[in-house]
Amino acid sequence: MSLLSRLANVFRPGRVERALDDELAFHIESRIDDLVAGGMSRADAETAARRQFGSPLRVRESSRDVKLLPWLDALARDVRHGVRALRRSPVFAAVAIGTLALGIGANTAVFSIVNAVLLKPLPFKDGSRLVWLWSTDPKNPAARSVSHPDFVDIRAQSRSLESLASWYGYEMVLTGRAEPQRVQVAVVMGDLFSVLGVPPARGTTFRAERPGPAPGLPPGAGPGQAGGRPLGDTPERAVVLSHRFWAERFESDPAIVGRGLTLSGKSYRVLGVMPRGFQFPIQTPPIDMWAELGPEQFADVPQMGRSARLMDAIGRLRSDEAIERAQAELDVIASRLSRQYPDTNAGIGVRIVPAVDHVAGRVSRPLLILFAAVACVLLIACVNVANLLLARATDRRREIALRSALGAGRARITFQLLIESLVLALIGGALGGLIATWGVEALVQLVPTDLPRADEIGVDRVVLVFTVVASLATGLIFGVAPAWQASNVDLTAALQEGGRTMSVSARAFRLRGALVVAEIALAVMLLTGATLFMTTFWRLREAPQGFDPHNVLSFDVTWPWEKYSFEQAGAKLRELQVALQAVPGIRGAAGGMQLPDRGGAASDLLSPFLEIEGRPVARDARPRTAYVPTQPGYFRVLGIPLVNGRDFTDRDSLESPRVAVINESLARSYFGNENPIGKRLKLDLWLLFGSETPMREIVGVVGDVTHAGISGAARPLVYIPFAQRPFNISYVVVKTDSDPASFVPAIRAAVRSVDPDQPIYDVRTLEDRIGMSVAQERFNALLLAMFSGLALLLAAIGLYGVLSYSVAQRTHEMGVRLALGADPRDVLGRVMREGATLIAAGLLIGVAGATALTGLVEGLLFGVSPLDPRIHLTVAVVLMLVAMAACWIPARRAARVDPLVALRYE
Amino acid sequence: MADEAALLPGTLDVLILKSVSLAPEHGYGVLLRIEQITGGALLVEQGALYPALARLEHQGLLESEWGTSDNNRRAKFYKLTAAGRRRLKAETERWERLATAMSRALRAQEA
């Protein structure tokens with residue numbers, strides 16, 4: 001008989017038994033026939049036949065055992081027995097299953113995020129072989145980019161990388177029949193799509209090394225159009241569209257391939273459309289299309305190119321190559337480049353990491369902390385259920401002793417009890433899975449919008465496997481100790497005690513006490529973490545920002561440089577400022593290259609070197625500083641106080657002497673008590689300013705703006721007049737009299753009056769923007785608060801359970817005490833002391849644990865130290881209050897025991 | 001009943017295989033045939049027969065089919081599989097060797 005049919009037999013024992021019954025009946029009837037034929041009466045024949053046959057039941061049992069896998073059958077019996085046992089105590093079952101469902105559900109929900117963001121392979125062919133590549137610069141440890149000429153050399157020289165492609169993000173404006181629209185473009189060098197191993201859904205993609213002009217350098221990558229790059233308007237320009245953009249903008253027009261588009265005033269041809277769901281690079285807002293960067297783009301400015309480390313790169317390892325060997329080879333290439341180009345590449349290395357790690361890098365630690373926290377909640381749930389089981393096992397001592405007396409071995413009984421635990425855990429897990437499918441949807445609403453791969457979060461097969469494994473592990477964790485303990489019964493004692501109230505064995509009680517201490521300790525640690533993250537979030541929200549975001553609206557406007565020179569863009573922005581200020585209700589409007597909460601350039605690479613007149617410093621030792629070009633009135637609109645000197649005016653133009661305004665940080669760091677007004681400084685970075693690095697006179701000092709986010713302490717900052725360093729990208733801030741959102745139509749109209757092809761976007765109040773910048777911290781704080789609240793509740797329930805059980809067991813003792821004249825307050829005090837001992841032990845261990853784990857949260861906190869005694873004190877007080885409340889109820893019950901009733905129990 | 005020997009352990013399986021080797025047979029038939037083959041010398045305990053049949057079927061030595069018996073009742077017929085035939089041959093040889101050895105040993109004692 002095949003294993004399958006035997007398995008089947010386990011689940012349909014009825015069928016097997018019926019067939020056996022038929023066969024046995026035939027046997028008996030045939031025997032009767034023969035006996036009757038031999039001359040016996042029918043009745044005698046029947047009796048004889050049956051007697052001869054023996055017990056049909058026994059025959060059946062032993063025949064069936066062959067057909068079923070006996071252990072599986074035993075398992076099925078144990079499961080049925082477990083379910084029956086649970087049904088007999090529905091309250092216990094409901095509490096245990098509910099606790100487990102919450103714990104497993106929360107874990108599954110958080111795991112689904114961890115899975116999508118950290119674990120799932122990137123949705124590309126052989127995603128594990130994809131590596132992120134960048135140049136390392138000891139001076140800019142955070143930099144993660146590569147320059148174009150380095151990229152070309154690495155690609156030509158590396159044997160271990162099968163292919164390599166790079167790109168940079170760029171924005172263009174799509175015009176045509178519909179409203180002008182800003183589109184996110186990845187400008188690609190090399191065959192990105194074959195590196196990723198994803199073919200287009202329609203049409204073709206770029207052929208490798210296909211020559212053709214790129215749509216543009218990244219913003220700020222060169223000194224305007226003077227960079228020496230001829231911009232021919234050839235028909236060779238081509239783009240590949242994302243499926244989403246094709247569907248949204250072109251309504252999935254099947255004839256899209258080959259069509260022409262006008263992007264920022266130049267024409268492009270659509271080569272193809274990528275498949276649905278393809279996203280690369282993964283960013284917010286998502287990429288709409290990919291354009292191609294031809295090989296000659298940077299060729300005419302090699303000197304600039306090699307230090308312009310502005311491109312991201314991704315490569316594919318050869319299938320037989322280990323990442324370590326590839327890294328060793330790249331180290332050789334990097335040191336060769338350093339020798340060959342000492343000016344730009346001295347000390348510059350090349351690094352590769354698995355692409356999936358890179359994508360998740362920034363968010364992995366907070367996520368893992370959340371995961372650890374939610375795992376702690378599950379552990380506490382386990383402890384609670386273990387406690388319930390221990391209490392129940394004491395009640396079931398007679399049943400177990402009876403089974404043991406009837407010959408069940410200790411292992412058999414342990415197994416049986418363990419199966420009961422697993423049944424509990426699996427039911428809890430199934431409910432938990434349901435909770436998680438709803439919970440994940442709610443969670444996705446909460447996750448910060450910039451969480452990479454957030455759209456992949458969901459309950460999928462991997463998550464379900466996790467749930468099942470977590471349930472089984474949970475069942476084992478909470479089941480083993482109680483089962484082993486319970487199976488260890490002293491037969492005679494247990495059976496002799498009969499119906500009398502049994503006293504709890506001291507050992508079982510000690511075990512339960514230890515479990516409660518453990519869960520209090522875990523809850524303390526979680527509470528500490530949650531308090532730290534909540535404090536961080538509150539501090540960030542209320543941090544003195546140095547500006548007044550009330551009634552300020554900001555939006556982003558980009559003057560495509562294909563259409564406007566930087567100078568023209570500056571003039572356009574001035575036109576826009578005038579148009580906006582003419583709108584009734586708008587108190588002021590000004591453009592700046594960045595918003596105050598951004599804190600300068602994203603990367604130090606775009607931070608210029610600072611030189612102060614009369615203080616010569618070696619070229620290599622020059623400090624860097626952030627800088628922001630702003631229009632006059634910027635400080636007033638944002639409420640940044642002018643501490644000294646003056647704001648820029650319209651007279652600070654390209655024709656007038658160069659000026660600068662510095663912030664207090666810079667004034668303090670570089671001028672101390674000196675008056676900086678009238679001093680001169682120089683900003684120098686070829687990438688940004690080319691050779692135009694005049695001395696700028698300091699005309700004003702303004703207050704510091706602390707930048708939102710953890711890295712947001714105030715940094716030295718130089719403001720320069722937008723008109724003296726015009727740019728094609730700017731944010732515009734508008735201060736209004738009333739609700740700024742109601743001004744959006746008027747603002748759109750003002751922009752259209754300046755350039756009808758110009759979209760505005762990223763329109764938000766500053767208050768919203770600040771909220772977004774602390775979204776990650778908000779998410780951390782919110783989830784940790786929820787988890788630690790749950791942990792606290794579970795720990796309190798656990799404590800309550802142990803104490804009330806202990807009180808119930810000792811009702812008799814209490815009765816005697818009270819009958820002998822003990823003060824009810826003494827009885828109450830005894831129980832409270834018992835609880836307080838457990839609480840104190842848990843608290844001590846928890847605080848010690850939290851202190852030991854401070855390293856985990858380093859760098860994720862703001863305005864609070866993980867060792868702050870106030871934090872620990874707060875946690876201790878909260879925990880004591882809740883825990884003492886949990887003790888109070890059973891203690892009061894003990895004090896109110898009626899001695900008569902208690903003694904009658906005997 | 002004195003001349004009815006109880007079955008040696010391990011012999012029942014061979015006897016069952018032997019009795020279904022000629023033609024498919026139902027359980028009751030197997031019982032009758034064993035009594036007939038051994039001339040009533042060996043009595044099969046009826047309660048042991050069906051577990052043995054199930055065991056042999058499970059081992060793949062027998063296969064079964066529901067059919068109609070001589071007395072027009074529904075009965076389960078067993079027949080040998082190829083593996084069963086091989087096992088019967090091997091067991092028969094083993095028994096013959098054992099029987100020869102036994103009789104030699106007994107005769108030697110008599111001598």
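Modeller: Gladly! One term to begin with: two strands pair if DSSP finds at least two bridges between them. Keep in mind that this model is predicted. In chain A, strand β17 (residues 659–663) and β19(A) run parallel and are joined by five bridges. Within that pairing, Val661(A) sits opposite Gly700(A) of β19(A).

Colleague: In which sense does strand β16 (residues 642–645) of chain A pair with β19(A)?

Modeller: β16(A) and β19(A) are antiparallel, over three bridges. Look for Asn644(A), which stands opposite Val701(A) in β19(A). Strand β18 (residues 680–684) of chain A also runs antiparallel to β19(A), again with three bridges; there, Leu681(A) has Arg696(A) as its bridge partner.

Colleague: How many residues of strand β19 (residues 695–702) of chain A are buried?

Modeller: A residue counts as buried if 20 or more other C-beta atoms lie within 10 Å of its own. In β19(A), six of the eight residues are buried, so the strand is largely enclosed by the rest of the structure.

Colleague: Now the helices: at what angle do α27 (residues 824–852) and α29 (residues 869–895) of chain A pack?

Modeller: Angles over 145 degrees count as roughly antiparallel. α27(A) and α29(A) pack at about 150 degrees, their axes 9 Å apart, which makes them roughly antiparallel. The crossing is right-handed. Contact residues include Leu828(A), Val831(A) and Ile839(A) of α27(A), and Leu879(A), Met880(A) and Ala883(A) of α29(A).

Colleague: Which classes of residue make up the contact of α27(A) with α29(A)?

Modeller: There are 17 nonpolar residues, two polar and two charged.

Conventions: Residues are numbered from 1 along each chain as its sequence is written. Chains are lettered from A and ligands numbered from 1 in the order in which they are written. This is a predicted model: local features need pLDDT of at least 70, side-chain atom pairs count only at pLDDT 80 or more; totals for chains, interfaces and linings use all residues. Axes are lines fitted to C-alpha atoms, for helices over the stretch in contact, and angles run from 0 to 180 degrees between N-to-C directions. Helices (H or I, at least four residues) and strands (E, at least two) are DSSP runs, numbered from the N terminus. Angles under 35 degrees count as roughly parallel, over 145 as roughly antiparallel, 65 to 115 as roughly perpendicular and the rest as oblique. A crossing is left-handed if the near helix is turned anticlockwise from the far one by less than a right angle, and right-handed if clockwise. Two residues are in contact if their C-beta atoms, placed from the backbone, lie within 7 Å. Ala, Val, Leu, Ile, Met, Phe, Trp, Tyr, Cys and Pro count as nonpolar, Asp, Glu, Lys and Arg as charged, and the others, Gly among them, as polar. A residue is buried if 20 or more other C-beta atoms lie within 10 Å of its own, exposed if 12 or fewer, and partly exposed in between; C-beta atoms are placed from the backbone.
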